[in-house]
Amino acid sequence: MLAFDNVTFGYERSRNILDGLSFNVQSGEFISIVGASGSGKSTIFRLVTGLDEPSTGAISLAGNSNGQLLGKVGYMPQQDLLLPWRTILENACLPLEIADVKKKTAHEQVKPLLKEFGLAGTEDKYPGELSGGMKQRVAFLRAVLSGNELLLLDEPFSALDAITKLSMQEWLVNQWEKRKATVLFITHDVEEALFLSDRIFLLKNSPVTSFEEIEVPLPRPRNRSDLHRSDILQLKERLLQALREAVML
Ligand SMILES: Nc1ncnc2c1ncn2[C@@H]1O[C@H](COP(=O)(O)OP(=O)(O)OP(=O)(O)O)[C@@H](O)[C@H]1O
Ligand SMILES: [Mg+2]
């Protein structure tokens, strides 16, 4: 589905963020990307979308290489990027509008989802009138509604309270299973990564030359109580330890 082949990139010439990074994501996989702040996670997404281009190396998405990537992925950036002049309903409907779905049909399809996301009554409000967590849910919904097979979600649930976060995680797993999507998911929450993913990519060094790739040894459908298994607790400890060490570098 997605391949990085020896990708090098830096915002400034003198300092690379990624250096010769290669990895593969299979179609239908759920991957979490975990690493210290500033390690280059969001940068990887900017390269996948084509917002930035590698200085050397190649990125291919479903067989297409560099260049024609934007518009092929559902992307939820770390900042929500809602359009301030559009209402919540109009913001959520944007991907359907781009796909030429009639306005009325789009509204009918999206309204029940707003309700399901705890956003009932916000459809005619503007982003400036919503809390951070609410805006995040609108942006998340919008990325999922893009209908693209590859979803890039950059800390989609970081601003949510614990309970809302759990229900959003479950909704996401459901969508992913139903639509057979491929998901790349950035998070700082190790437990979230363990609950959701098939594999975890751990960024340890700077510049990023490779990931430590960790398979999550849990069957699906998953159960929250699986997180208390002793092998999973050990894995969690190991991930936290690696993150602590990365912060201290
Ligand atoms: N537009 C930019 N111009 C210059 N440097 C940038 C730009 N965006 C990011 N950087 C730098 O690139 C590095 C990686 O940034 P990136 O946003 O990918 O980190 P991250 O892993 O997503 O961090 P966080 O967990 O805090 O979101 C950081 O050192 C950051 O300062
Ligand atoms: Mg980031």
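## Salt bridges

Lys104 is exposed, with a relative accessibility of 62%; exposed means over 50% relative accessible area, buried under 20%, and partly exposed in between, using a 1.4 Å probe and protein chains only. The structure is a predicted model, in which local features need pLDDT of at least 70 and side-chain atom pairs count only at pLDDT 80 or more, while totals for chains, interfaces and linings use all residues. Residues are numbered from 1 along each chain as its sequence is written, chains are lettered from A and ligands numbered from 1 in the order in which they are written, and side-chain values use heavy atoms, with hydrogens and water left out.

Lys104 forms a salt bridge with Glu108 at 3.6 Å, N to O, where a salt bridge is a side-chain nitrogen of Lys or Arg within 4 Å of a carboxyl oxygen of Asp or Glu. Both residues belong to helix H3, four residues apart, about one turn of the helix. Helices (H or I, at least four residues) and strands (E, at least two) are DSSP runs, numbered from the N terminus. Asp189 and Lys165 form a salt bridge at 2.8 Å, N to O. Asp189 is in the loop between strand E8 (182–186) and helix H6 (190–196) and Lys165 is in helix H5 (residues 162–179), so this pair ties together parts 24 residues apart in sequence. Lys165 is buried at 15% relative accessible area, whereas Asp189 is partly exposed at 24%. The count of salt bridges by this rule is 12.

## A buried arginine

Arg222 sits in the loop between strand E10 (211–215) and helix H7 (230–248). Arg222 is buried but has no salt bridge; Asp198, the nearest side chain of opposite charge, is 4.4 Å away. For charge, Lys and Arg count as positive and Asp and Glu as negative, with His and the chain ends not counted.

A polar atom of the Arg222 side chain lies 3.1 Å from the backbone oxygen of Phe195, and the Arg222 side chain reaches the backbone oxygen of Pro219 at 3.5 Å. Apart from neighbours within four places in sequence, Arg222 contacts (heavy atoms within 4.5 Å) Leu194, Phe195, Leu196, Ser197, Asp198 and Val216.

## Nonpolar cores

The largest nonpolar core has 51 residues, and those with the most contacts inside it are Val110, Phe140, Leu141, Leu153 and Leu194. Helix H4 (residues 132–145) supplies the largest share of this core, seven residues. Another core, of 26 residues, lies apart from it and includes Phe4, Leu21, Phe23 and Ile59. A nonpolar core is a set of buried Ala, Val, Leu, Ile, Met, Phe, Trp, Tyr and Cys residues joined through side-chain atoms within 4.5 Å.

## Helix H2

H2 is largely enclosed by the rest of the structure because eight of its 11 residues are buried. The elements covering the buried residues of H2 include helix H3 (103–116) and H4. After H2 comes Asp100, with a positive phi near 70°.

## Magnesium site

Ser42 (OG) and Gln78 (OE1) coordinate the magnesium ion (ligand 2) at 2.0 to 2.2 Å. Ser42 is in helix H1 (residues 41–49) and Gln78 in the loop between strand E6 (73–76) and helix H2 (88–98), 36 residues apart. Donors are N, O and S atoms within 2.8 Å of the metal (3.2 Å for Na, K and Ca); water is not among the atoms, so sites may look incomplete.

Note on methods: Polar contact = N/O pair within 3.5 Å; in protein donor to acceptor, adjacent residues only side chain to side chain.
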